[in-house]
Amino acid sequence: TARAMAGTIKLFGALALLCSAASALVLPPVRHFGSTTPVFHRAYAPSMGLFDAFSKAFANDDTLGKASNAGLSKEKTKREVTWKSPTGQTKKSIVVPGQSLKDIARSTGIPIKYDCQEGTCKTCEAMIGKQRAKICVAKMPDKDITISYNIR
């Protein structure tokens, strides 16, 4: 009834006041110079227990010298692909020769349409330099190239 409802509202109001007062005691807001928004700071630094010791065990050892490729005698050569859209916009990718052009296009965010995925439908046909190629099956050559895509 109305009396029970009023009692419930008073109880929830008191609980909300208590919670807001308690949170104000635990994390006092701090205002930075020139800011109107309060910033809350942690009362203590976070700890991961046993894993804090592990983080020190796997830290880099400066006495070992400069880091290099693990087990590789020389670094792979890198080439540049310039993707040219039908509207004239260009994007560049740094890649390793032999990579699939389809994977390079996907990772660069190039919107190429594919249908068959095996080079028979010519939906993904593009101009690589002055030659036509199907992006879904072509590999990156060992030279810098410009690809004009979505030419169909």
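Pro 97 lies in the loop between S2 and helix H3 (101–108), and at 23% relative accessibility this proline counts as partly exposed. Pro 97 and Asp 144 are separated by 47 residues in sequence, while their C-alpha atoms are 9.4 Å apart in space. These values, like those that follow, come from a predicted model.

**Overall architecture**

The secondary structure of the chain amounts to three helices and five strands, arranged along the sequence in the pattern α-α-β-β-α-β-β-β. Of the 152 residues in the chain, 18% are buried.

Strands S1 and S2 run antiparallel and are joined by six bridges. Within this pairing, Glu 80 stands opposite Ile 94 in S2. The hairpin formed by S1 and S2 has five residues between the strands, and in it Gly 88 takes a positive phi near 100°.

**Salt bridges**

Side chains of opposite charge can pair when their charged atoms come close.

| Arg 79 | Asp 142 | 3.0 Å |

Asp 142 forms a salt bridge with Arg 79. Because Asp 142 lies in the loop between strand S4 (131–134) and strand S5 (145–148), whereas Arg 79 belongs to strand S1 (residues 79–84), this pair ties together parts of the chain that are 63 residues apart in sequence. Arg 79 has a relative accessibility of 25% and therefore counts as partly exposed.

Arg 132 is exposed, with a relative accessible area of 54%, whereas Glu 125 is buried, with a relative accessible area of 9%.

**Aromatic contacts**

The structure holds one aromatic pair. This pair consists of Trp 83 and Tyr 149 in an edge-to-face arrangement, with 6.3 Å from centre to centre and 70° between the planes. The pair links distant parts of the chain, since Trp 83 is in strand S1 and Tyr 149 is in the segment after S5, 66 residues apart. Trp 83 counts as buried at 0% relative accessibility, and Tyr 149 counts as buried at 9%.

A contact between a charge and a ring is also present, in which Lys 102 lies over the face of Tyr 114 at 5.6 Å from the ring centre.

**Nonpolar surface**

Leu 50, Phe 51 and Phe 54 make a nonpolar surface patch of about 340 Å². Phe 51 lies in helix H2 (residues 50–57), and its relative accessible area of 53% places this residue in the exposed class, for which the cut-off is over 50%.

**Backbone with positive phi**

Most residues other than glycine have a negative phi. Gln 117 has a positive phi of about 65° although it is not a glycine, and its place is in the loop between H3 and strand S3 (125–128). With a relative accessible area of 37%, Gln 117 is partly exposed. Lys 122 likewise has a positive phi, near 70°, in a residue other than glycine, and Lys 122 lies in the loop between H3 and S3. The relative accessible area of Lys 122 is 38%, which makes this lysine partly exposed.

How values were computed. Residues numbered from 1 in each chain as written. Predicted model: local features only at pLDDT ≥ 70, side-chain atom pairs only at ≥ 80, totals over all residues. Heavy atoms only, no water. Salt bridge = Lys/Arg side-chain N within 4 Å of Asp/Glu carboxyl O. Helix = DSSP H or I, 4+ residues; strand = E, 2+ residues; numbered from the N terminus. Buried < 20%, exposed > 50% of the residue type's maximum accessible area, 1.4 Å probe, protein only. Phe/Tyr/Trp six-rings, centres within 6.5 Å; stacked < 30°, edge-to-face > 60°. Lys NZ or Arg CZ within 6 Å of the ring centre and 35° of its normal. Pairing = 2+ DSSP bridges. Patch = residues over 30% accessible without salt bridge, like charges linked within 9 Å, V, L, I, M, F, W, Y side chains within 5 Å. Areas by Shrake-Rupley, 256 points an atom, 1.4 Å probe, with all protein chains shown as cover.
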